[in-house]
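Subject: Structure handover

Hello,

Here is the structure I said I would pass on. My notes on it follow below.

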Amino acid sequence: MERHLPVFIFIAPFLSAFIVPFLRKSRSATQLLTATALAFSSFCSLKALCVVSHSGPIEYALGGWAPPYGIEWRLDCLNALMCFLISTIALVVILATGPSVKKEIPRSYTTYYVLVLLHLTGLLGMALTHDLFNLFVFLEVASLTGYALIASGDSRRGNVASFKYLLIGTIGASFYLLGIGYLYAATGTLNMGDMGIRIHAVIQSRSVFLGVVFVLLGLLIKMGLFPFHGWLPDAYTYASNSATALIAPLMTKVSIYVFIRIFGGIFDRTVLSHFHILPVLLAFSAIAIIGGSVMAFLQSDLKRMLAYSSISHIGLIMLALSLNDPAAWMGAILHILNHAVMKAVLFLAVAGAAHTHGVTHLQDLRTIRGRMPFTLTAVCIASLSMIGIPPLAGFFSKWYILTGAFQSGKPLFVIIVLLSGLLTALYFFKMLEQIFFQKDSGERKLAEAPLALVAWPFTLSIGLLLLGFYAPAIYAWGMQHIVPVVFV
Amino acid sequence: MNEIQSIKPLLAILVSSVACILILFSNKSKNLRETWTFLAAILKFGIVLSLYPAITSGKIIVFRFFDVLPGVTTSLRIDPLGFYFALLSSFLWIITSVYSVGYMRTLEEKHQTRYFASFALSLSATMGIAFSGDLLTFFIFYEMLTIATYPLVVHKETPEAIQAGRKYLVYSLSAGAVLLGAIAWSYYETRTLTFTPGGFLGSIESTKTIMILFVLFIYGCAVKGALFPLHAWLPSAMVAPTPVSALLHAVAVVKAGVFGVLRVIGYVAGPAALERAGHYHWLTCVASFTILGASVMALAQDNLKRRLAYSTISQLAYIILGASLLNVNAYLGSMLHMANHAFMKITLFFCAGAIYAKAHKEKIQDMKGLGYQMPLTFIAFTLATLSLSGFPPFSGFISKWYLCKGALEGGHWGVLAVYLSSALLNAAYLLPVVFVAFTKTGESSVTRDEKPYALTAPLYITAVFVILMGCLPWLISRQVNLAGMASVSIFGG
């Protein structure tokens, strides 16, 4: 049984996507099926996580064709963790956004849930596969459904944002494909493990260089690192609240995972330093951190502010990865987890506030003061965690990245990591001030969002407290199980 | 070194966190809510006090959380220094709670639930700072304190209060970032973060690194300790309700900063490493300048609370100055002054708050004749003033005695001059308040009115303590004994 876990994780959302259209009549049955599929994936991922950290990676040859000729899927600690993150966050978001979907997407909800399931199938596939071309296929599945999800809202601007994302995203995917082509030409293989072995013999060749650069460019566009972030703010802002809450925490993180997998796992990090790419990445990330925060501070639209905040924190994660130090790497992986949870809480809370009180801008927040205690508590916890206030989860990822920055001997980036916390504080306190301390309309009647939209973000924010408590344990586990795999 | 494993330190911290949650959920009933505060305050003090025998017999009480990095275990450790600070703040919390209830109810302030909840949380954080056994745990509680006190600063929600809150956050969070950087750097250099009497930075080869780290650590702590030029947030933060100014801006928060400086000098950098690195005298100079500068600034303030705030800045610098001299007596004097100043300044703030709540007067020039209306309050004010200026037999004299002794032992004549001249300045900026209050206004009928007692009784109690801590040998010897244990463990015999 355990041998088949990689497929089990994948199969439930994949099959459900084809069953959902037959449930046309019932909205709740659709939502329930989607949630069940994700719960199954989540459970399998957790199981896989236990198995893998106990007895090593699970290799799975699809269709029985032996790698490196057939497509190989492979579960190790890193992607088991990613699968768990994807399926669990998605599960929570689906359960929470029921009322929101009902309001925002009144008619075509079947399409919406099919798209969600296929999107998640794509993301899970990207995490599971050990084959570079297979990864491209899943990347496209996730992206195409992503474009559609972003256009799923009522707003016409959502269509424009989606089209913009489609143009940029397609260029990104093409770059990735082109890069894979070059690498295939140089090494004659698409299997990640196999390529890792063969690449060293041909590392001097120009096509390897071009391949690496194109793959990297494609991924940077997909993850929205400065200066390739242009699609992100509009996409997050104008998509329906339900879709944003699903896409924002996951899509960019999975792209970062692919970066880790390719440039940490296959190329064992020497490639990036061999081609002198790290300084460039460091510079991009530093600008993303500072610029993203400043832009977030300037926004008055809540979702847009959170979008720029994502850009800034993606910068932080990439900075940590580019520091080329094990502690910073594990800090980055921890921050992927934390940031996904925090952003899920924040976007769900925004969805709740928008659903119940029509809140979309910072100034509107004062109208809900004292009226949504649980939602606002969740927002408060998530914001403080984003800033990196101990003992919340965000602090620990910052701390590990910081120690990594010292070990890598780059004092400038120590300062930037510290600065990132301060800049994040700048815009989140601007928001908290609006929520808790501005003169309001005086209305004090409790008016929480629908139960699902309150309970789930609140639960997740409690999860943040626990994640903070267990962060050192996760770090220790990762240093033992993940880092040796990707950080040779 | 004998250590005892115990969960008591954790309980002492958690008591008020639990109270915070209970307070939030009982905002319907005022009395129930206040009961939680008192219960937590008394329980907390009880737990801390119960550790006294163990501490005086030379034991260290330890509670370990988890390993964060190889060599770094976040832990709570109670040594004499931390115990002293914890005892001080938990005792004053009980008194301040009574006062808070009196003050908030007299003025019918809004958002009292938030107020009492944040107060309880601040005390948890303070206790955590006192008990933390390593730099990382210290930092965790230090940041928690910043966040927990922010709602108290902006409590009034006026534009002025919000502005003060922003200023407070900018100062504190940036200091936090510097402190975090310094902590990560020390870990990188020494692979440990545990507080050790005598310091652990001595293992660093380069004296330049030690010096830079020392500057960063002091910067990180001195913002809360309101050392010039990082003090500007404190006078602005006086917009907070007076009990906040009394306990937090005279005891818990600012003392947490000063406590941090004492920790850094005694348990992180260590006198030996500092002597080796040299050039630590800048701290002496900055602290001296702060003492004199803040005293002069205090002279110029007409708002009573702002005058007290500058006085606090000056007195906090006394403590930092004492610690920077790096000898047994000066360090001991610093510790004593931490407690003595707490009692004096809390009395003064309680008086200022009582005056505001009763007569709605904040400016000193408006207080003419108030002394006849509230004689006991102003007598308490006078006692605290005399003590602050260092007159015997009040508590201020004792700590200044040790500070001056330390200055003389080190041959720092300049420092001695600073201590003595600032004593004069203290009298110069606080005694006029008394004089103004007892000026006859010409109005014939002045009725004595010092009710409610919830508002005035606390300040009588603290005033009595100011006297007792200066002339009750039993109390003084116990304090000196405790402070002596800490400084001997750092500086040796």
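In which loop of chain A is A:H276 found? A:H276 sits in the loop between α12 (270–274) and α13 (278–298) of chain A. Its phi is near 55°, a positive value in a residue other than glycine. With a relative accessible area of 60%, A:H276 is exposed. Please keep in mind throughout that this is a predicted model.

B:A226 is not a glycine, yet has a positive phi of about 55°. The loop between α8 (207–222) and α9 (233–236) of chain B is where B:A226 is found. B:A226 has a relative accessibility of 1%, so it counts as buried.

Overall picture of chain A

Chain A is made up of 488 residues, with 20 helices and 2 strands. A compact globule with 488 residues would have a radius of gyration near 23 Å, and the 21 Å of chain A agrees with that. Along the principal axes, the C-alpha atoms of chain A fill a box of roughly 70 × 55 × 45 Å.

Of the residues in chain A, 63% count as buried. Among contacts in chain A with a separation of 6 or more, 81% are between residues 24 or more positions apart. The accessible surface of chain A is about 16,500 Å², and carbon and sulfur atoms account for 70% of that surface.

Salt bridges

Over all chains, the structure holds 13 salt bridges. Three of them are described here.

One is between the side chains of A:D76 and A:R261, at 2.8 Å from N to O. This pair links distant parts of the chain, 185 residues apart: A:D76 is in the loop between β2 (72–75) and α3 (77–96) of chain A, and A:R261 is in helix α11 (residues 241–266) of chain A. Both A:D76 and A:R261 are buried.

Another joins A:D234 to A:K164, with the closest N and O atoms 2.9 Å apart. Here too the pair links distant parts of the chain, with A:D234 in helix α10 (residues 232–238) of chain A and A:K164 in helix α7 (residues 156–187) of chain A, 70 residues apart. A:D234 counts as buried because its relative accessibility is 15%, whereas A:K164 has a relative accessible area of 34% and is partly exposed. A:K164 and A:D234 also belong, with A:R304, to a network of salt bridges.

The remaining one described here is formed by A:R369 and B:E157, whose closest N and O atoms are 2.5 Å apart. A:R369 lies in the loop between α15 (326–357) and α16 (373–387) of chain A, and B:E157 lies in the loop between α6 (135–153) and α7 (159–190) of chain B, so the pair joins two chains. A:R369 and B:E157 are both buried.

Cis peptide bonds

In chain A, the peptide bond from A:F226 to A:P227 is cis, with omega near -5°. A:P227 lies in the loop between α9 (206–223) and α10 of chain A.

In chain B, a cis peptide bond joins B:P392 and B:P393, with omega about 5°. The loop between α16 (375–388) and α17 (395–409) of chain B holds B:P393.

Regards

Definitions and conventions. Residues are numbered from 1 along each chain as its sequence is written. Chains are lettered from A and ligands numbered from 1 in the order in which they are written. This is a predicted model: local features need pLDDT of at least 70, side-chain atom pairs count only at pLDDT 80 or more; totals for chains, interfaces and linings use all residues. Side-chain values use heavy atoms; hydrogens and water are left out. Helices (H or I, at least four residues) and strands (E, at least two) are DSSP runs, numbered from the N terminus. The radius of gyration is taken over C-alpha atoms; the globule rule is 2.2 Å times the number of residues to the power 0.38. Buried means under 20% relative accessible area, exposed over 50%, partly exposed in between (1.4 Å probe, protein chains only). Contact means heavy atoms within 4.5 Å. Accessible areas come from the Shrake-Rupley method with a 1.4 Å probe; for residues, only the protein chains shown count as cover. A salt bridge is a side-chain nitrogen of Lys or Arg within 4 Å of a carboxyl oxygen of Asp or Glu.
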